[in-house]
Amino acid sequence: MSFCWIWKLDVMDIASSSSPAADNPPRREKYDVFISFRGEDTRLGITSHLHAALLQKKIETYIDDKLKRGEEIGPALLEAIEKSTISVIIFSQNYASSTWCLDELVHILKCNNKEGRMVIPVFYDIDPSDVRKQHGSYADAFAELEKRFANSIDKVHKWRDALTTAANLSGFDYSNKSGTEANLIQKVVDHIWAKMCCESSCDLKGFVGIESRIEQIESLLGIHLPDACITVGIWGMGSIGKTTLAEAVFRRHSSKFEASCFLKNVRENSEQAGGLYHLEKTLFKEILKEEVSLPVGSTFQERLSRTKVLIVLDDVSDSLQMDRLAGDHLRYGSGSRIIITSRDRGKLGLTGEEAKIYKVEGLKSDDALQLFCLRAFKNNGACRTDFKELAKEVVAYAGRLPLALTVLGSLFFNCKSKEEWEDEFNKLKRFPCEDIQKVLRISYDKLGDNEKDIFLDIACFHKGKSVVKVKRMLDVRGFFATSGIRILIEMSLISIDSNWGMETIEMHDLLQEMGRKIVQEQGIKDPVNRVGCSMMRMSIVY
């Protein structure tokens with residue numbers, strides 16, 4: 001299943017086989033679903049409707065749209081089967097009369113032996129027992145096949161075995177036409193989605209310490225409250241894992257909603273020319289499945305109010321973004337959920353004691369060590385005994401930040417000896433990793449001048465000191481300490497800890513390191529004018 005949450009799909013018109021695109025479907029690295037069917041029987045009916053329903057769910061689906069002629073299936077089709085996680089076989093009255101379909105079936109069942117693969121048979125207008133025992137129209141088809149392939153009868157036996165095997169699999173029996181075709185398609189799509197969500201949960205095994213966090217966010221969302229409309233904020237410093245958590249929750253629950261949209265990198269995209277306008281259009285297009293002209297009218301608002309949606313706004317950085325994408329003027333349907341991720345608590349638009357905000361903390365120590373070792377030692381993530389103490393030092397330096405642990409793990413993977421590890425670590429302490437610093441600095445760059453100076457002073461002088469004393473010293477220097485410290489807390493750049501009845505100002509080690517590096521840069525760029533507290537900062541840094 002794709003991890004790109006605003007998909008761009010090439011939707012084929014499966015009712016036509018004359019276009020070049022139909023002859024050469026676009027190749028992908030992988031597919032979620034492969035549909036096997038006999039074109040003459042179901043092309044314009046259940047197959048086309050199932051294909052459309054899967055695309056609407058953003059499930060990447062391979063369908064061979066050209067009329068199947070000839071004796072052999074081509075390499076492109078075999079490759080598509082091998083790249084697909086789930087294969088749906090639509091058995092119809094004349095399925096067995098196509099050697100193409102039978103060869104396709106054999107290859108599908110062969111691939112089904114691989115871990116994580118699944119085959120779903122749909123018995124559309126044929127009884128499962130007729131498929132299993134090759135009775136009825138299948139008996140007639142095989143009578144002809146045995147004549148045609150008298151000199152290669154083993155192939156016919158292989159086809160019989162494949163049909164028997166497939167018919168014994170759990171599937172959907174629509175041979176007696178009970179219920180509507182629409183209900184059948186909905187059941188098949190729901191089954192496929194549930195399977196994919198299960199696989200997604202298995203994918204989380206590579207994300208250390210994430211399951212308990214997801215459960216806490218799910219509790220805030222109140223997923224099992226059918227009529228509530230709830231907005232949840234996910235708040236924390238850069239590189240702490242906010243987006244990863246939001247993606248995991250979205251992936252797990254989007255099938256429960258009539259429409260869903262994950263807007264990634266709202267801050268970054270909004271900074272582009274016309275970026276916020278494009279984000280609005282993308283959001284509404286994903287929800288209503290059509291192009292929308294802005295500004296929207298009352299008819300559009302009414303349609304929104306009848307649509308149960310799950311929306312994620314990732315990395316929101318200002319109130320205008322919130323107003324345009326999730327403002328009070330946008331009324332979504334009963335049961336809707338909105339998730340907002342931000343570094344800045346104040347930009348979540350959620351206030352009061354009832355505000356549902358999940359603050360993302362660093363990983364637990366054991367989880368942090370496990371994540372680092374997964375990257376540093378690759379194969380099974382087991383930390384070598386002679387490297388364990390060094391690994392713990394690096395983890396302490398990374399301060400339990402998932403991004404830092406991942407980047408540094410990959411960096412140390414290239415170090416083969418203990419001496420190389422020590423040398424790399426010493427170099428890192430003097431020359432911080434630019435990839436990590438770049439992400440952390442985004443929050444600093446959005447501060448006002450008052451807050452920037454307070455942040456740099458704390459990084460150089462005041463970490464771990466009494467809040468009361470720090471405020472007094474900052475006020476003496478002419479800063480607006482109370483509001484400045486509040487903003488730094490909301491931006492996840494500092495925190496307040498209570499130790500033995502005294503509140504102290506704390507700052508992540510990597511943020512402190514970033515602050516001191518900024519002071520160094522300021523001294524190099526403007527050494528003449530760096531006076532007063534700036535000169536004192538530089539004396540600490542150097």
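**Strands, sheets and a helix pair in a predicted model**

Visitor: Which residues of strand 8 point the other way from V309, I311 and L313?

Guide: In a regular strand the side chains alternate between the two faces of the sheet. In strand 8 of this predicted model, V309, I311 and L313 point one way, and these residues are buried, as are the others. Buried means under 20% relative accessible area, exposed over 50% and partly exposed in between, with a 1.4 Å probe and protein chains only. Pointing the other way are L310 and V312.

Visitor: What pLDDT do local features need in this predicted model?

Guide: Residues are numbered from 1 along each chain as its sequence is written, and side-chain values use heavy atoms, leaving out hydrogens and water. In this predicted model side-chain atom pairs count only at pLDDT 80 or more, totals for chains, interfaces and linings use all residues, and local features need a pLDDT of at least 70.

Visitor: How many helices and strands does the protein have?

Guide: Both are DSSP runs numbered from the N terminus: helices are H or I with at least four residues, strands are E with at least two. Of the 542 residues in the protein, 49% are buried. The count is 24 helices and 12 strands.

Visitor: What is the strand order of the open sheet of five strands?

Guide: Two strands pair if DSSP finds at least two bridges between them. Strand 7 and strand 8 pair in the parallel sense over five bridges, and four bridges join strand 8 to strand 9, again running parallel. Strand 6 and strand 10 also run parallel, joined by three bridges. The pairing of the sheet is parallel, with the order 7-8-9-6-10.

Visitor: Which are the edge strands?

Guide: An edge strand here pairs on one side only. V312 in strand 8 faces two partners: F262 stands opposite V312, and V312 stands opposite I339 in strand 9. The edge strands are strand 7 (259-263) and strand 10 (357-359).

Visitor: What angle does the direction of helix 12 make with that of strand 7?

Guide: Helix 12 (residues 275-288) packs on the sheet, where it touches strand 7 and strand 8; contact means heavy atoms within 4.5 Å. Axes are lines fitted to C-alpha atoms, for helices over the stretch in contact, and angles run from 0 to 180 degrees between N-to-C directions. The angle is about 155°.

Visitor: Why is strand 3 largely enclosed by the rest of the structure?

Guide: Strand 3 pairs in the parallel sense with strand 1 over five bridges and with strand 4 over six bridges. Y31 stands opposite S84 in strand 3, while F91 has F123 in strand 4 as its bridge partner. Strand 3 is largely enclosed because, of its eight residues, the number buried is seven.

Visitor: At what angle do the axes of helix 15 and helix 16 cross?

Guide: A368, L369 and F372 in helix 15 meet A391, K392, V394 and V395 in helix 16. The axes of helix 15 (residues 365-376) and helix 16 (residues 388-398) come within 10 Å. The two helices are therefore roughly perpendicular, a term for 65 to 115 degrees, whereas under 35 is roughly parallel, over 145 roughly antiparallel and the rest oblique. The axes cross at roughly 110°.
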